[in-house]
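Below is a short report on one protein chain.

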Amino acid sequence: MPKLSHIILFLAAAIVALSAGVWLRAHFMDSPQPPLPEETSRQGAEAILSASLPDIEGVTQSVSQWQGNVIVVNFWATWCTPCREEIPEFIELQNQYRDQGLIFIGIAIDREDKVVPYSQEFGINYPVLIGGLGAMSLAEAAGNKMSVLPYTVVFDRQGNITDTFLGRVHKKTMEKSIKPLLQNDLVFKEQGSL
């Protein structure tokens, strides 16, 4: 019976996410959400950066280990169509900006037996952590009050949330969010070396 209840929970989450995704496409159209209230932003950053979840090899990883980089945390699932659409573009962005200090982190709201083959098939080139339904609380802490997938949170190098996105994010939109954060660090380094 516990297995049946897990399946029912995953199906319910899928239905909610798909319905919300359709609504979001019509209302938000690939742009960041309004800035989060300061307290929500701080608590959301703390929740995500203090999380430790298993990766696709079963090794527990602490999200905080990537602090100091520009971090893009993407909450997704294998059954989520908008998630499947944006991941190839995130792979491209990871390749393009890795050397400038960009790190994508995928947090799957899904089961390991689905996430591992999917990650391998798509050749995801950034850390993928398996959070299951419980990891949705991390997205909610960072402003995802509607429990929508995908949900993407952008952090600057100091660990502050700079942008959040409900629904699918296109490559050009993500670049608009991350480029200033990557460039700001280059300007800071150049000024520090004078």
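Which residues is phenylalanine 155 in contact with, leaving aside its neighbours within four places in sequence? In this predicted model, phenylalanine 155 contacts Ala45, Ile48, Leu49, Asn69, Val70, Ile71, Val73, Asn160, Ile161, Thr162 and Leu181. Phe155 is also a member of the largest nonpolar core, which holds 56 residues. Together with Ile48, Phe75, Trp76, Ile105, Ile107 and Met174, Phe155 touches the most other members of that core.

## Overall layout

The chain has six helices and seven strands. Along the sequence, they run α-α-β-β-β-α-β-α-β-α-β-β-α. The chain has 194 residues, and 49% of them are buried. Take the contacts between residues at least 6 apart in sequence: 69% of these join residues at least 24 apart.

Four aromatic pairs occur in the structure. In one of them, tryptophan 76 and tyrosine 118, the ring centres are 5.3 Å apart and the planes meet at 35°, so the pair counts as tilted. Tryptophan 76 sits in strand β3 (residues 70–76) and tyrosine 118 in helix α4 (residues 112–122), so the pair ties together parts 42 residues apart in sequence. Tryptophan 76 and tyrosine 118 are both buried. With Phe122, Trp76 and Tyr118 form one aromatic cluster.

Tyr118 is one of the buried residues of α4; the others are Val115, Val116 and Ser119. What do the buried residues of α4 pack against? Their partners are β3, α3, β4 (102–108) and β5 (128–130). In general, an α-helix has 3.6 residues a turn, so residues three or four places apart point the same way. Just after α4 comes glycine 123, with a positive phi of about 65°.

## The disulfide

How many disulfides does the structure hold? There is one. The disulfide joins cysteine 80 to cysteine 83, with an S to S distance of 2.3 Å. The angle about the S-S bond is 75°, and the link is right-handed. Cysteine 80 has a relative accessible area of 1%, so this residue is buried. Cysteine 83 is buried too, because its relative accessible area is 0%.

Glutamine 33 lies in the loop between α1 (2–27) and α2 (38–49). Is glutamine 33 buried or exposed? Its relative accessibility is 13%, so glutamine 33 counts as buried. The cut-off for buried is under 20%. The side chain of glutamine 33 makes a polar contact of 3.1 Å with the side chain of tyrosine 151. Another polar contact, of 2.6 Å, links the side chains of glutamine 33 and threonine 164. Beyond four places in sequence, glutamine 33 touches Gly143, Tyr151, Thr164 and Leu166.

Alanine 13 belongs to helix α1. Its relative accessible area is 21%, so alanine 13 is partly exposed. Not counting residues up to four places away, alanine 13 touches Trp79 and Leu133. Alanine 13 and leucine 133 lie 120 residues apart in sequence, and their C-alpha atoms are 8.2 Å apart.

Glutamine 96 lies in helix α3 (residues 81–97). At 41% relative accessibility, glutamine 96 is partly exposed. Its contacts beyond four places in sequence are Lys171 and Glu175.

| Residue | Relative accessible area | Class |
|---|---|---|
| Cysteine 83 | 0% | buried |
| Cysteine 80 | 1% | buried |
| Glutamine 33 | 13% | buried |
| Alanine 13 | 21% | partly exposed |
| Glutamine 96 | 41% | partly exposed |

## Confidence

The chain has a mean pLDDT of 88, and 87% of its residues reach 70 or more. Over residues 187–194, the pLDDT is below 50. Beyond near neighbours in sequence, that stretch has zero contacts in the model. Where pLDDT is low, the predicted coordinates should not be read in detail.

Definitions and conventions. Residues numbered from 1 in each chain as written. Predicted model: local features only at pLDDT ≥ 70, side-chain atom pairs only at ≥ 80, totals over all residues. Heavy atoms only, no water. Core = buried A, V, L, I, M, F, W, Y, C linked by side-chain atoms within 4.5 Å. Buried < 20%, exposed > 50% of the residue type's maximum accessible area, 1.4 Å probe, protein only. Contact = heavy atoms within 4.5 Å. Helix = DSSP H or I, 4+ residues; strand = E, 2+ residues; numbered from the N terminus. Polar contact = N/O pair within 3.5 Å; in protein donor to acceptor, adjacent residues only side chain to side chain. Phe/Tyr/Trp six-rings, centres within 6.5 Å; stacked < 30°, edge-to-face > 60°. Disulfide = S-S within 2.5 Å. pLDDT = per-residue confidence, 0-100.
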